[in-house]
Amino acid sequence: MFKVFLPLILVPVIACTAITLTTHRCQRAEITYVSGPEPETLDPALLTGALEGRIVAALFEGLTQYHPKDLSPTPGIAREWRVSEDGLVYTFFLRESCWSNEEPLTAHDFVYSWKRTLLPETAADYAYQLYYIKNARAFNEGKIEDFSQVGVCALDDYTLEVELERPTAFFLDLTSFPTLLPVDRKCIERYGEDWTKPGNMVSNGPFRLVEWRINDKLRMVKNPYYWDADQVRLQSVAALSIESINTGFNLYETGGADYLFGLPLPIVQVLKGRNDFHTDIYLATYFYRFNVTRKPFDDPRVRKAFAMAIDKGEIVNYVTRGGEVPAKTLVPPGMPHYQPPLGVPFDPEEARRLLAEAGYPAGKGFPKVELLFNTSEANKDIAEVVQQMWKKHLGVEVTLVNQEWKVFLSTVKNLDYQIARGNWIGDYVDPNTFLDMFVTEGGNNRTGWSNPRYDHLIEMAASEIVTRKRMDIFQEAEKILVEDELPILPIYYHVSFNIYRPYVKGVYPNILNVHPWKYMWIEREES
Amino acid sequence: MAGGQSLAAYILRRLGWLVVVLLIIATASFFLMRFAPGGPFDKERNLPEAIEKNLRAKYHLDKPLWKQYFIYMGGLFQGDLGPSFKYRNRTVNEIIAESFPVSAMLGLYALSLAIIVGVATGTLAALKKHTAFDFAAMSVAMLGISLPNFFLGLILLLIFCFKLPLLPAGGWGGPDHLVLPVLSLAAPFTAYIARLTRVSMLEVLSQPYIRTARAKGLTEFRVVTRHALKNAITPVVSYLGPAAAAVLTGSVVVEKIFAIPGLGSHFVNAALNRDYTLVMGTVLLYSLLLVLFNLMVDIIYFFTDPRVRL
């Protein structure tokens, strides 16, 4: 019996123990941070998430880069640029820089990279970030096959000319965005899908990739061939892929990490007074969508009444409690040069009057409605409070319905709802990243709402080059969205939570919650 | 010799069935997955139509379902589980190759610990029937069965990471990373095995042949290890098949609490993400393991229990 049984167990146990004991363990990186779930990809053309963006921004550098304090575009691989008077042609003058394998990086690399992102077979989710470039959309849709018709061209090794469809005021913000980062042609042609693996990857940023284990960790070390290597003070950065934010926090608290992005909401209150806790307004808004194609929310008065019956202050003070800011507009505060409209106030009396005017005095005769959200405690808590407010102030019964994430997305996309939770995180610091969502038939509109004047204004803003005028146009458009028509009901602006040790220096608060590793350093006080 | 031949034939027959079972599971899960609402490319932000079309073309989702099925099965027969939909630069084979050894190692330690501690405790409790030891051991075992392992994991974390900072709160790499997850994972199995062993041992100890062994003047230690345990352990062996599979699947929660890069998280997340190929890969792997473990248990029976005829 034991002759059969014992070796069956003992041999593998001994083997595993031997492997564990002999496996080489790297020395701890200078900064170890909890990155969140496993990165989906490190291919700049394919990535879509913020956590991947944080890693890729350390590995690659675009024509421009974010200023660490105010996020304005500052010279990256382009040492300077010229914009034509009509705002349509950008000429970038590249510095002489090289890849992490010491090969030179030229304007042709940008042409190759952008072409790769736009090729239909690359199937890049964010290819539309390049649609501002002349004919880029047609190329991505397969309508034209000749890339020379797309408005990107290397005039010589170090000059890149980009022609846009329309003057795009935020184009220099986009050139810092991951989708527009350069990738190395030789590396991709050599390794194919495997080019992002450590050992294969060639990059051009402040760091290079040396280790990447799935669901475990990723390690980057300083790239000595980076053009601005003298500025880079960190020698190594490690990103831990930890799915559960609670586990991430445990690790931080017990010294396993130096930096944690995001926090478990229930403990935010407890951490508020600590010197390693940092919070800032974030470029993201939590809102509800109304399905305007169906009764009763086809009537703007009903939508407005619903909006006016919600005390958002109560939601942020007693429900979310993370320091979120009540929202009356879709565009969060902190957008340079932009003065948002006022939105609608909390006014139950006016709300009741509007509802009565729409034919439902004191909520009488109001049909059954459902409020849909994706399954999560946070969404449920908010929905319950909102449900109470509508009952109290409008006399309307609303049923709460939750669905699993992908089912929820499909329901909302098919306009198979009445009121649904929405959320939007801006890509760049310009009102357009929020407002262009709600143009007629916009892919992210998902309310069925359409307003010709609104469409026209968003169109106008896209062609306007004078900042003040553009911002006025956006204000007028947003007024339609959040004061007159309300296909959406803004609830609050998100805040970002970061927690990092006091010896981590060079982190500056900003609304994108972007904190480039390039500018950080460690400064321990001598004890 | 005859026994050897029949064993080989038996194993071959079971392996033949295994292929059939896996084919049925692959087919059922392929279609079930596709009928779930929402798809791998549905995200908070909608994709422009042309881009979604590119994505669907890349992953063959633009083809009719039956064609997709044959493409997938064609790959499967060559051992290719396809590319992951979510992890864009990785194949399912790669993900499993990297994650499974971690779960397997964790499961192996947990199961070994459960067998050693469980059998020893159960045997002692049976020998010291109705004493304080018996009572205490069985109470602890009852607790071990009823406590969910995430709760135990959190208690262990609180004690050994926060109150007494002796062990890391999560991660993978060294022996110190193994202690808490192995303990949390092993606890319910240890408890179950202990109870199982005790009951079975009590029954065996009352058998006439044990009396004979004692009458021969053998020491109690020898009676128990040479004669009693051999028979008493049979129920434990039959429990090991499902237990081994349960240790691997049950590690989902433990892996999450201790940030262990095993297969557990993929098992759940792949379904939530509609990562069709990764779901298929993990489902097939677990099915394969379950069937193989059960087969192994039957083979062990063949060697340990002369009454068993395959």
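1. The accessible surface of chain B amounts to about 14,500 Å², and 71% of that area belongs to carbon and sulfur atoms (areas come from the Shrake-Rupley method with a 1.4 Å probe, and for residues only the protein chains shown count as cover). The model is a predicted one, in which local features need pLDDT of at least 70 and side-chain atom pairs count only at pLDDT 80 or more, while totals for chains, interfaces and linings use all residues. Residues are numbered from 1 along each chain as its sequence is written, chains are lettered from A in the order in which they are written, and side-chain values use heavy atoms, with hydrogens and water left out.

2. Chain B has twelve helices and zero strands (both are DSSP runs numbered from the N terminus, helices being H or I with at least four residues and strands E with at least two). Its C-alpha trace spans about 85 × 60 × 30 Å along the principal axes. Of the 310 residues in chain B, 49% are buried (buried means under 20% relative accessible area, exposed over 50%, and partly exposed in between, with a 1.4 Å probe and protein chains only). Among contacts in chain B with a separation of 6 or more, 74% are between residues 24 or more positions apart, a contact meaning heavy atoms within 4.5 Å.

3. Turning to the interface, chain A contributes 68 residues to the contact and chain B contributes 65 residues. Together the two chains bury about 5,900 Å², 57% of it on carbon and sulfur atoms (buried area is the accessible area, with a 1.4 Å probe, that two parts lose on being put together, summed over both).

4. Ten salt bridges are counted between chain A and chain B (a salt bridge is a side-chain nitrogen of Lys or Arg within 4 Å of a carboxyl oxygen of Asp or Glu), and one that crosses between the chains pairs Glu404(A) with Arg274(B), at 2.8 Å from N to O. On the side of chain A that touches chain B, H1, strand S10 (207-213), H7, helix H13 (405-413) and strand S18 (419-425) each supply at least two residues. The largest share of that side, twelve residues, comes from H1(A), and its residues divide into 31 nonpolar, 17 polar and 20 charged (Ala, Val, Leu, Ile, Met, Phe, Trp, Tyr, Cys and Pro count as nonpolar, Asp, Glu, Lys and Arg as charged, and the others, Gly among them, as polar).

5. Over all chains the structure holds 46 salt bridges. One of them joins Asp258(A) to Arg28(A), with the closest N and O atoms 3.3 Å apart; this pair links distant parts of the chain, 230 residues apart, with Asp258(A) in the loop between helix H7 (245-253) and strand S13 (259-261) and Arg28(A) in the loop between helix H1 (2-22) and strand S1 (31-36) of chain A. Asp258(A) is buried at 3% relative accessibility, whereas Arg28(A) is partly exposed at 45%.

6. In a further salt bridge, between Lys518(A) and Asp228(A), the N to O distance is 3.1 Å. Lys518(A) lies in the loop between strand S20 (504-505) and strand S21 (521-522) and Asp228(A) in the loop between strand S11 (217-222) and strand S12 (236-241) of chain A, so the pair ties together parts 290 residues apart in sequence. Lys518(A) is buried, at 4% relative accessibility, and Asp228(A) is buried too, with a relative accessible area of 15%.
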